[in-house]
Amino acid sequence: MKILLSKIIYERNLSVRQLSIMSGVSKSTIHEDMEEDSNPKIKTLEQLAIGLNCRITDLFDSDVK
């Protein structure tokens, strides 16, 4: 499963700092979750989705549909 956080941040013209403020997730956690081999917690993904006003499933890409 690939986390699409970098793509979403780029498309919405946001900085990690802005997303951190919007979601309540620390900048260091966001940076970690943007890594290719990250394993974010569901709660973190939920907070990010709320901050980005999107569905949690919009945050990742999977071959399983």
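Residues are numbered from 1 along each chain as its sequence is written, and side-chain values use heavy atoms, with hydrogens and water left out. Because the model is predicted, local features need pLDDT of at least 70 and side-chain atom pairs count only at pLDDT 80 or more, whereas totals for chains, interfaces and linings use all residues.

The largest nonpolar core comprises 15 residues. A nonpolar core is here a set of buried Ala, Val, Leu, Ile, Met, Phe, Trp, Tyr and Cys residues joined through side-chain atoms within 4.5 Å; buried denotes under 20% relative accessible area, exposed over 50%, and partly exposed the range in between (1.4 Å probe, protein chains only). The residues with the most contacts inside this core are Leu5, Ile9, Leu19, Ile30, Leu48, Leu52 and Leu59. At least two core residues come from each of helix 1 (5-11), helix 2 (16-23) and helix 4 (42-52), where helices (H or I, at least four residues) and strands (E, at least two) are DSSP runs numbered from the N terminus. The greatest contribution is that of helix 4, with 4 residues. With residues up to four places away in sequence not counted, Leu48 touches Leu5, Leu19, Ser23, Val25, Ile30, Asp33 and Leu59, contact being defined as heavy atoms within 4.5 Å.

Helix 2 and helix 4 have axes that come within 8 Å and cross at roughly 100°. Helix 2 is therefore roughly perpendicular to helix 4; angles of 65 to 115 degrees count as roughly perpendicular, under 35 as roughly parallel, over 145 as roughly antiparallel and the rest as oblique. Axes are lines fitted to C-alpha atoms, for helices over the stretch in contact, and angles between N-to-C directions run from 0 to 180 degrees. Leu19, Met22 and Ser23 of helix 2 make the contact with Gln47, Leu48, Gly51 and Leu52 of helix 4. By class, 4 of these residues are nonpolar, 3 are polar and none is charged (Ala, Val, Leu, Ile, Met, Phe, Trp, Tyr, Cys and Pro count as nonpolar, Asp, Glu, Lys and Arg as charged, and the others, Gly among them, as polar).

Positive phi values occur at Asn13, Gly24 and Asn53. Asn13, in the loop between helix 1 and helix 2, has a phi of about 55° although it is not a glycine, and is exposed with a relative accessible area of 69%. Just after helix 2, Gly24 takes a phi of about 80°. Asn53 follows helix 4 with a phi near 55°, lies in the loop between helix 4 and strand 2 (60-61), and counts as exposed at 71% relative accessibility.
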